[in-house]
Amino acid sequence: MAELRDLYQQVILDHNRNPRHRGRIADATGQATGDNPLCGDRITVFVEVEDGVIRDIGFEGSGCAISTASASLMTSAVLGTTTEQAERLFQAFHSMVVDPAAPVDPKALGKLAVFAGVRGFPARVKCANLAWHTLHAALGSGAGSVSTE
Amino acid sequence: MTGPRQARLGGHSRVAFDVGRVRADFPLLQQTIADGRPLVYLDNAATTQKPRQVIDAISRFYSEDNANIHRGVYDLCERATRLYEGARFTAQRFLGAADAREIVFVRGTTEAVNLVAYSFCRPRLHPGDEVVVSAMEHHSNIVPWQLVCEERGARLRVVPMNGRGELVLEALPDLLGPRTRMLAVTHVSNALGTVNPVKEIVALARTRGVPVLVDGAQALPHLRVDVQDIGCDFYAVSGHKVFGPTGVGVLYGRLPHLEAMPPYQGGGDMIRSVSFEKTTFAAPPARFEAGTPNIAGAVGFAAALEYLDALDWDAVTVHEAELLAHATQALSAIPGVRIIGTAAEKVAVVSFVLEGAHAHDVGTIADEDGVALRTGHHCAQPAMDFLGVPATARASFAFYNTHAEVEALAAAVSRVREVLG
């Protein structure tokens, strides 16, 4: 059985207690809302994209420790990157949490590698993914909503 | 007996309940988790575990008695038919129905509600008509009504509830108007544990000529039910919520209603004669049992009802009331815990939130201690929205749960904030 401390790593607990980039941003060029209807997690991601670069990002909503920490770490990771880089990071993150066999590449994922422990808790994968799916929607259409169900 | 039996908690009137003895009947409950601690199964409102008697009945049916029912002339077929129709009589007796023809085997409560919504209610609905449900319904007792209302231009109206999770019955007379064609209400709330005074509700509806469907899925595992005493038109239950198998349930319907209703699905076994010009339908209940039914499921369901029938229900009721009181007290004593659903009449279901922790984190952390809880909105989103909580953790008990398990629950929940830091 997976160990609880693999899931609730210190970095995750810290970002759950003190989420970074929480709140709306002033000049959002895109936003999207995502929810896990079965969990009651709900998050809205705001992005300001200029010349293909994420200049500012914020999120609001409520959710479990995993979804909150994921949103916090995600916003920290993609701020200042190009939208292409952010999408690549999304793919790498997604593969890491859904595929137990996928190697975890700390170089590509940085701090996001702490979510590798989620793989041992299949019911919590969608918690970790919610913010990323929502970011993807915010970058894609400028506005919209997504659901993990 | 329809209401919750009053638990006699004080001193000498206490009825001894040998939980160890009934627990021994449930093989699944004997298992331990990875570190050797016992599994603490507290998700009985989602589904219950099965006693050996049910498992054996299903196994015996497939080992010795399996054949397709009805119409066959050989002995094995007659045996299988007798078992299936015998299960109907068992369900009739257990629910207190006047006639076995009032017992329709379905897949479960959801199908029972859909059957009534489509076959009974839909033809009666005209634009501007109304269907009334309550604020604490499971999605399965909302969505079928919503679908037929939408199709017919009818309106869905809602009996409100208060902050304790009790229906505001004072609002009911105004909601049951000349355009009301149906009232659908749950006997017991799956999310909150509230026991609704269905007999009183049905009595009021009858004075207005409004037929009533009672969702009994969560009531039957905890209360003895008599559909004639309740007086409802329809009562819906699921086998797997009462220690029987999944995929089988019963719709009780008053015979005159069932006789007047068109079929729900077409197929074999529900017809009297078929030609390409005209099909004559069978009488109820066969009319509503198209195709080969879940025969083994019905047999297992009947075995579960017989198991329940053999229990000392006075003792069960006291035991469950004590579990509820214990769990309520133990969880309330944990800093940050708030119980959601504090109705005066409750079965042993405790929904709660923990300040600073999402229900899912509570569930995952409790699971490490082997405590199986349900977390989320419990398919009752409107009720959760009203109570202002996106999700709760829910401990739902059965008669086989113990006070030691309540302690394990409290210990696990106490640990959550420590883990989350």
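Strands (E, at least two residues) and helices (H or I, at least four) are DSSP runs, numbered from the N terminus. Please keep in mind that this is a predicted model, in which local features need pLDDT of at least 70 and side-chain atom pairs count only at pLDDT 80 or more, while totals for chains, interfaces and linings use all residues. Residues are numbered from 1 along each chain as its sequence is written, and chains are lettered from A and ligands numbered from 1 in the order in which they are written.

Let's stay with β12(B) for a moment. Because 6 of its 6 residues are buried, β12(B) is largely enclosed by the rest of the structure.

| Strand | Partner | Sense | Bridges |
|---|---|---|---|
| β3(B) | β4(B), residues 155-159 | parallel | 5 bridges |
| β3(B) | β5(B), residues 180-186 | parallel | 4 bridges |
| β12(B) | β11(B), residues 337-340 | antiparallel | 4 bridges |
| β12(B) | β15(B), residues 392-396 | antiparallel | 4 bridges |

To find these pairings in the viewer, start with V131(B), which stands opposite L156(B) in β4(B). Between β3(B) and β4(B) the chain passes through helix α5 (residues 143-152) of chain B, in a right-handed β-α-β crossover. Right-handed means that, with the strands pointing away from the viewer, the path from the first strand over the helix to the second runs clockwise. E130(B) stands opposite T180(B) in β5(B). For β12(B), V353(B) is the bridge partner of R338(B), and V349(B) stands opposite S396(B) in β15(B).

Now for the domains. An automatic or database domain assignment provides the bounds, and chain B is divided into domain 1 (11-43 + 312-420) and domain 2 (55-309). The contact between them takes 23 residues from domain 1 and 19 residues from domain 2 of chain B; two residues are in contact if their C-beta atoms, placed from the backbone, lie within 7 Å. On the domain 1 side, α11 (313-332), β12 (349-354) and α13 (381-387) of chain B each supply at least two residues. The largest share of that side, 5 residues, comes from α13(B).

The largest nonpolar core has 178 residues, and V299(B) and L409(B) have the most contacts inside it. Such a core is a set of buried Ala, Val, Leu, Ile, Met, Phe, Trp, Tyr and Cys residues joined through C-beta atoms within 7 Å. Helix α10 (residues 295-309) of chain B gives the most to this core, 10 residues. Both domain 1 and domain 2 of chain B contribute at least three residues each. Leaving aside neighbours within four places in sequence, V299(B) is in contact with residues including A57(B), F61(B) and Y84(B).

Finally, 17 residues of chain A are in contact with 14 residues of chain B. The largest share of the chain A side, 3 residues, comes from α2(A).

Definitions and conventions
Buried ≥ 20, exposed ≤ 12 C-beta atoms within 10 Å, placed from the backbone. Pairing = 2+ DSSP bridges.
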